[in-house]
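I set out to look up the contacts of aromatic rings, with each other and with charged side chains. My entries follow the order of the search.

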Amino acid sequence: MNFGIDAVRFYTPGFSLDHSLLAAHRQIDPEKFIVGLGQTQMSILPPDEDIVSMAANAAAPLVKEAKDSIRLFLFATESGVDQSKAAGLWVHHLLGLNPSCRVVELKQACYSATCALHLATSYLHTHPSEKVLLIASDEARYGLNTPGEPTQGCGAVAMVLSASPRLLSIEPHQGVFAEHTMDFFRPNYMREAIVDGKFSTKLYLQTLSHCWQEYVKLSSLQFSDHSRFCYHLPFTKMAEKAHERLCRIAQVPFDPHQIESSLIYSRLTGNVYAAALYVGLSSLLENEEQDLTGKRIGFFSYGSGCVGEFFSGIVQQGYRRALYALDHKELLKSRKSLNYEEYASFFSHRLPEDGSEYTTPVISKGPFRLLGIKNHERLYGP
Ligand code: COA
């Protein structure tokens, strides 16, 4: 029996900023963002959304049929809204999930969803009749007029994991690497990450090399055994750099076709941290013209600080019937383009931190929104 991803659906809020507009405002050549970073738009979080509402919006249609069989729900994020309570508990309530369910939150920068994926597939070996819900939800914030600004974004990916999955079976060998580094971190008292972007890019590529070498040793697979590759996407140019590096290590010519379908959605959402690799998977499966049935996909997951992992999966027969391609394309197409002032106002919005009662303005179409705060308690609803 094989185990893996049965369904994947993502959500990103209904507001975006064009990189050409941001470049004009910052008096920078737009080609730096569009060609140099490979980004054309980024999703912007409105004041009445956060990781919880985005997660519920991503997962709602997925869990309809799986509710009773989900007894493990893993929530991966680095934008936590509480130091103690798992964000997943609000989602568990909003979606009316089975009370007989374990709910936990996992953190390690952009890597945590990958660890959650492997925890889930191991769990399914002993609980093959159950399903696992895995949601990665994040807002990438670097600050106005910082080098990281054009690599911001927000969104959530929800995945149902099961035995005999419809989309992708996860293979048993992984190459992993961990090292204490301070390339990117966010102390509890800060809303924006402290990042040394150039150092982080260098670590990403070094970690890829370590992980790949271990993966090849353990799996006995070679580069040519893989049809397509998905990389963690802080910005899409990073995947190009990563794939070039991997091709150099494997001594094969660089072929952009092996990654380009995985970059389409991320170019429009921007970085979604823990969810980014899986937005890439969604983009690949939904935009690749060639039938990928039976093909092996290589994945590289990287979380600053840092942990990396290279793993693989096999695309399942009939996978196209289980995709949410129309939903995703409509979602991205229907976003409202913000002007600079609207973007800056959304970005600067702050919720009260003194326990005072607050009702958020109705901006998001949801269906789930952050309604407000009362006695320090976050309130959500449709
Ligand atoms: N036309 C085309 N390309 C241009 C250009 C122009 N007019 N001007 C600059 N570029 C290219 C640069 O050559 C560079 O490409 P290269 O890296 O292939 O050489 C790219 O655009 C970015 O320019 P750079 O000057 O390096 O940008 P920056 O110093 O403003 O910052 C990051 C870029 C990625 C470091 C920054 O956005 C960041 O810190 N992001 C957040 C952290 C992150 O994403 N980390 C990645 C690992 S997870």
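**Aromatic contacts**

I began with Y265, which is buried at a relative accessible area of 2% (buried means under 20%, exposed over 50%, partly exposed in between; 1.4 Å probe, protein chains only). I note that this is a predicted model, in which local features need pLDDT of at least 70, side-chain atom pairs count only at pLDDT 80 or more, and totals for chains, interfaces and linings use all residues. Residues are numbered from 1 along each chain as its sequence is written, and side-chain values use heavy atoms, with hydrogens and water left out.

I searched the whole structure and found 18 aromatic pairs (rings of Phe, Tyr and Trp, the last by its six-membered ring, with centres within 6.5 Å; planes under 30 degrees apart are stacked, over 60 edge-to-face, the rest tilted). One of them is the tilted pair of F10 and Y265, at 5.3 Å centre to centre and 55° between the planes. F10 is also buried, at 3%.

I then looked up W212 and F310, which pair edge-to-face at 5.0 Å and 75°. W212 lies in helix 6 (residues 197-219) and F310 in strand 14 (residues 307-315), 98 residues apart (DSSP runs numbered from the N terminus: helices H or I, at least four residues; strands E, at least two). W212 is buried at 5% relative accessibility, and F310 is buried at 0%.

Finally, I checked charges over rings (NZ of Lys or CZ of Arg within 6 Å of the ring centre and within 35 degrees of the ring normal). The charged end of K85 is placed over the W90 ring, 5.1 Å from its centre. For R141 over the ring of F347, I recorded 3.9 Å.
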